[in-house]
Amino acid sequence: MCGIIGYIGNDEKKSILINGLRELEYRGYDSAGICVLENGELRNFKAVGKLVNLERKCEDFFFNGFGLGIGHTRWATHGKPTEVNAHPHFGHFSNVVHNGIIENYQSIKERLQTQGRTFLSQTDTEVIVHLFESHLETSTSVLEAFSQTIAELKGAYAILLITQKSPNTIYYAKNGSPLIIGKGEDKLGKEAIYFASSDAPLIGLANEVCYLEDGAVGACEVGGFHMLPKIKPLSGDKLSAQKDGFTFFMEKEIYEQHKVLLETMMGRVSEDSFSLEELNGLDFSEVESITLCACGTSYHAAIAGSYLLERIAKLKTKVEIASEFRYREPILRQKELFVVISQSGETADTLEALKLAKKAGLKTLGICNVDNSSIVRQSDFGLLTRAGIEKGVASTKAFATQVMVLWILANFIAQKCGILGKSEIQQQTKTMLEAVRTTKVDKKAHEHIKRLSRRYLHGHGFFFIGRDIFYPLALEGALKLKEISYLHAEGYPSGEMKHGPIALADSRLFCVALMPQNLLYDKIKSNVEELSARDATLCALSAEYYEGCDDWIKIPHTSHYMVEFFSMMVVLQIFALEVAVRLGNDVDMPRNLAKSVTVE
Ligand code: F6R
């Protein structure tokens, strides 16, 4: 969701800015723009749609001398995705880019309009630049005017502003949306300063970074980086963020799950014990219950985790959707461990839920894929999922690693509380390794799903059904499909069919049934039979052939339901991918979606 980039140095500005925005493309956007301050003159370019449109707009523009620029990919919130609404927004002598939402923009806008300032866009962002220029009329310095501007804003923001009045400096502010400043070297070997809303564009360019904290307001120019607080080295491998020969990042990410899951387990799971050093200092004898809180796919991982925590660690666990939790005045108990789960670590709803729990005095744990993200920084304890950068907007490997971390956590607690004996622990760790192995994609199995996918393009909708921990997997299968295929799909606990949804069953209803051999097989079989009797088109995922199905996707035989869980997860991801590819959709950047949802 919206991306920000900024640069000060001698390298060619346009390509630095557009390449930076390209690294942020995976977050989702519908328009983009850049502004470069070139020899005292502001050059502003914007375009609707993909970055190639912006590139076309400025194909004859290059600027190699010392200077600066800012860029932005916009995911529309206030006002349609038009060129006028795209960032940067400008006043008479300044340009601004912004991620987040300025909640009080309307009153500021009205006030500025009465002072004679003209607005071109429908956005909340445009008020920032006009407010700044208005403050500058009475301020003693540019930074003072910028700080006065920020002090008036309510809401969430990451802001970069450049102005002709101070041609060597980028002004920045952060509250609630991520913003990073980095330092590297330009082609002349001189210091260059980078700004970005995540570290992906900085990898390979900056060697030191500062993750700004909420409330940060300041100005940065060459030579000034070392004055920033908490500077850290930035390591990272650009290659890992490339597609490795796959057509889509999503496909590549599905294929690398068996590797990243091993990373997730590394140092945490050994043959006969579980260890989570990150939780040293967390006294589980003080924990009476767990609340898991998240959004979207991470919420599905949370539901899966709740089955594991109750079944293995015998801890009462409830699951909350973060956006609902925030506003319903929840009752929080001191002996409740509050766990937030987030791939990006920047999801606004999840972050606010975390703050609420902290304020109520609860111990908090963040399960997250991005180190140094807001959620990791603000949780008392953190467990990284170690999936590596996930670029496909539809989450795959991040989900797999979230479930794995929750499974490890359940075992770790059970071990700590003496619930699991040595042989049970050994059995669990063996099962985990088997589950990881089963996520290695078998090319033939992929081909089979690809062929089969052509039969699932024209129904009136999909039901994904499962029981127990296969219910959140059914939810996730349905979400994956709808995100990238734009077909209507719902996940249900299979026992719920008869309470209403079965009314939709006919031959044009596709039903994907998760039928594990090792968990409630007979129960789900009865539910599937009810659908089959009503002529629904059935695709069964199971180790044994089920005679009532129209299509069968074979899952390897195993003796544990979690191994079946992980095999089916991969099948559902590939199924969604292949249906979406057949429909000609942009799998990595589905319409209307963003990778990091930093607004409410
Ligand atoms: C779906 C997906 C989203 C996210 C949700 C929460 O594929 O990725 O549903 O799971 O927006 O995001 P995070 O996990 O970053 O908090």
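How many aromatic pairs does the count come to? I started my notes with this, keeping in mind that the model is predicted.

**Entry 1: aromatic rings**

I counted by the rule for ring pairs and got 19 aromatic pairs. A pair of aromatic rings is described by the distance of the centres and the angle of the planes. I took Phe45 and Phe61 as my example. Their ring centres are 5.1 Å apart and their planes stand at 45°, so I wrote the pair down as tilted. The reason is the rule itself: planes under 30 degrees apart count as stacked and those over 60 as edge-to-face, so what remains is tilted. I then looked up where the two residues sit. Phe45 belongs to strand β3, residues 41–48. Phe61 is in the loop between α2 (51–57) and β4 (67–74). The two are 16 residues apart, and the pair links distant parts of the chain.

**Entry 2: the ligand**

Which residues are closest to the ligand? I found 14 residues around the ligand, and the closest are Ser298, Ser342, Gln343, Ser344 and Thr347. I sorted the shell by residue type and noted 4 nonpolar, 8 polar and 2 charged residues.

Next I looked at contacts with oxygen atoms of the ligand. Thr347 has a polar side-chain atom 2.4 Å from a ligand oxygen. For Lys480, an N or O atom of the side chain lies 3.0 Å from an oxygen of the ligand. Thr297 uses its backbone instead, with an N or O atom 3.1 Å from a ligand oxygen. I also checked how covered the ligand is. Taken alone it exposes 410 Å², and the protein buries 90% of that.

The space the ligand takes is the second largest pocket. Two elements give two or more residues each to the shell: α8 (296–313) and α15 (470–485). Of the elements, α8 gives the most, with 3 residues.

**Entry 3: backbone exceptions**

Most residues other than glycine have a negative phi, and most peptide bonds are trans. I looked for exceptions and noted two. Asn39 is not a glycine, yet its phi is positive, at about 45°. I located Asn39 in the loop between β2 (31–38) and β3. The peptide bond from His87 to Pro88 is cis, with omega near -5°. Pro88 is in the loop between β4 and β5 (89–90).

Notes. Residues numbered from 1 in each chain as written. Predicted model: local features only at pLDDT ≥ 70, side-chain atom pairs only at ≥ 80, totals over all residues. Heavy atoms only, no water. Near = heavy atom within 4 Å. Polar contact = N/O pair within 3.5 Å; in protein donor to acceptor, adjacent residues only side chain to side chain. Areas by Shrake-Rupley, 256 points an atom, 1.4 Å probe, with all protein chains shown as cover. 1 Å grid on protein atoms, 1.4 Å probe; cavity = no way out; pocket = protein on both sides within 12 Å on 5 of 7 lines; lining within 4 Å. Sits in = over half its atoms within 2 Å of the grid points. Helix = DSSP H or I, 4+ residues; strand = E, 2+ residues; numbered from the N terminus. Nonpolar A, V, L, I, M, F, W, Y, C, P; charged D, E, K, R; others polar. Phe/Tyr/Trp six-rings, centres within 6.5 Å; stacked < 30°, edge-to-face > 60°.
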